[in-house]
Every structure is written in structure tokens, then in C-alpha cells.
Amino acid sequence: THYDRAGYGKLGFRSDFGPTSMVEVRQAIMYTINRPEFAQTFTGGYGAVVHGPYYTGYSAYQAVKDEIILNQYAYSADSAITVLEEAGWIYNDKGQEFVKGTDAVRYKKLSGYELSVDNLKFATVDGKYKTLKINGEYYMPLAFNWYGTQPNNVTDQLITAWQANPNATTEIGMYITSTSCD
């Protein structure tokens, strides 16, 4: 039996410290996932992407659609890079200019509220990347820890669509480490 059903899934972030505490990083992440393809694959062709808490066909959204701007984040490594560079993710692990194709991961020089204790001790679970102190300045890597559940086909799809995706990693200079649990 097939029937229409409203369902909703989202990729959530713990955004109180680390790179994901910065809105531009979360935006760049959204640019690196082909969301329509992901939704179609996950739902077997029966789902669609929403760009906020409401489906665009929902009557409550239709009533106010001219007053609301939904960020659609079209799949684009170039858009991700632009957002990151405008936000200061322009350094390498030596505090010099990030060079695509030469440097593995982008870094940002921390300042102001970004200099929190948690950000200063930020590191990936595997220990490969961490906030560095260079000439008295702190630089945070564009790297983060992602946790998924197993067995779960969403986790499997995210590994393929995101963690193993060159648009999210080598193309923009991001490092993603994942841990799965039941």
C-alpha cells in the first residue's frame, strides 16, 4: 500500500564551538551536498528537498512566501569556496595563504569571540587536525567530527554524498572525520 505522508529529515550541527559554530561553514557544507539527488536517492524518488522548516507547497508557506527568503544552497564548490573565503578561511597550516591543490585544509585566524577555550583546543577525533598557534595567533582548521548511526542508510548516503565527495573535501579544503555508533 502506498500513501502520501509528510516526513522531514535534517542535517543538524552542534554549533557552540569548532568550525560549525560559524554560519559560513554550515553554509559551505550545504553547498557541498547535492541535496536534490540525496533526497531522491533516499526516498526512492518520492521525496523532495525543502529549504526551511516548511515544504514550499504547504499552505502556510504559500500564504507568506513573498515575505520569506529561503536559502536553497545549489550544489556548487565555487559557492562554498566564496562563502569560506569571505569569512576568512584563507590560510594554510603555516598561517600563509591557502593554495588549492597544494594545501589539504583551509584554516581561519581566530579573533574576538572565536577565541573561546573550546575553539582553542578544537581537534578532530583522529587527531589529524587541530587549532594551531602560529606567531602568537590561533588558526582553526576547516575540519570537523561527524557522528552517524549504524545501521542506517542515511549515514551510508552521507558518507558517499559528503565525506567521500571531492567537492566537500579536496575541492574546497575541508576535512571530515566520521564515527558511527548504534
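Is Val125 buried, exposed or partly exposed? Val125 counts as partly exposed, because its relative accessibility is 49%.

Before going on, a word on the model. This is a predicted model, where local features need pLDDT of at least 70, side-chain atom pairs count only at pLDDT 80 or more, and totals for chains, interfaces and linings use all residues. Residues are numbered from 1 along each chain as its sequence is written, and side-chain values use heavy atoms, with hydrogens and water left out.

Back to Val125. It is placed in the loop between helix 5 (117-120) and strand 2. Helices (H or I, at least four residues) and strands (E, at least two) are DSSP runs, numbered from the N terminus. Not counting residues up to four places away in sequence, Val125 touches Asn145, Tyr147, Thr177 and Thr179. Contact here means heavy atoms within 4.5 Å. Asn34 is 91 residues from Val125 in sequence, and 26 Å from it in space, C-alpha to C-alpha.

Now Thr124. Thr124 also has its place in the loop between helix 5 and strand 2. Thr124 is buried, with a relative accessible area of 4%. Its side chain makes a polar contact with the side chain of Asp126, at 2.6 Å. A polar contact is a pair of N or O atoms within 3.5 Å; within protein, one must be able to donate a hydrogen and the other to accept it, and residues adjacent in sequence count only if both atoms are side-chain atoms. Leaving aside neighbours within four places in sequence, Thr124 is in contact with Tyr129, Ala143, Phe144, Asn145, Tyr175 and Thr177.

Three strands form an open sheet, in the order 1-3-2, with antiparallel pairing. Two strands pair if DSSP finds at least two bridges between them. Strand 1 (107-109) and strand 2 (132-134) stand at the edges with a single partner strand each, so one side of each is left without a neighbour in the sheet. From one strand to the next, the twist averages 35°. That angle is taken between N-to-C directions, from 0 to 180 degrees, with axes fitted as lines to C-alpha atoms.

Take the two pairings in turn. Strand 1 pairs with strand 3 (residues 137-141) in the antiparallel sense, over three bridges. Tyr107 has Pro141 as its bridge partner in strand 3. Strand 2 and strand 3 run antiparallel too, joined by three bridges. Here Ile134 has Glu137 as its bridge partner.

Strands 2 and 3 form a hairpin with two residues between them. Asn135 is in that turn, with a positive phi of about 50°, although it is not a glycine. Asn135 is exposed, at 76% relative accessible area. Most residues other than glycine have a negative phi, and most peptide bonds are trans. Pro151 lies in the loop between strand 4 and helix 6.

That brings us to helix 6. Which residues of helix 6 (residues 153-163) are buried? They are Thr155, Gln157, Leu158 and Trp162. Seen down the helix axis, they fall within an arc of 160°, so they line one face of helix 6. The arc is that of the directions from the helix axis to the C-beta atoms. These buried residues pack against helix 1 (23-31), helix 2 (35-43), strand 4 (143-149) and strand 5 (175-181).

Trp162 turns up again in the core. The largest nonpolar core has 36 residues, and Ile29, Trp89 and Trp162 touch the most other members. Such a core is a set of buried Ala, Val, Leu, Ile, Met, Phe, Trp, Tyr and Cys residues joined through side-chain atoms within 4.5 Å. Elements giving two or more residues to this core include helix 1, helix 4 (77-86) and strand 3. Beyond four places in sequence, the contacts of Trp89 include Pro19, Met22, Tyr107 and Pro141.

Last, Asn92. Asn92 lies in the loop between helix 4 and strand 1. Asn92 is buried, at 5% relative accessible area. Its side chain reaches the backbone nitrogen of Lys94 at 2.8 Å. The Asn92 side chain also makes a polar contact with the side chain of Asp103, at 3.4 Å.

Key:
Buried < 20%, exposed > 50% of the residue type's maximum accessible area, 1.4 Å probe, protein only.
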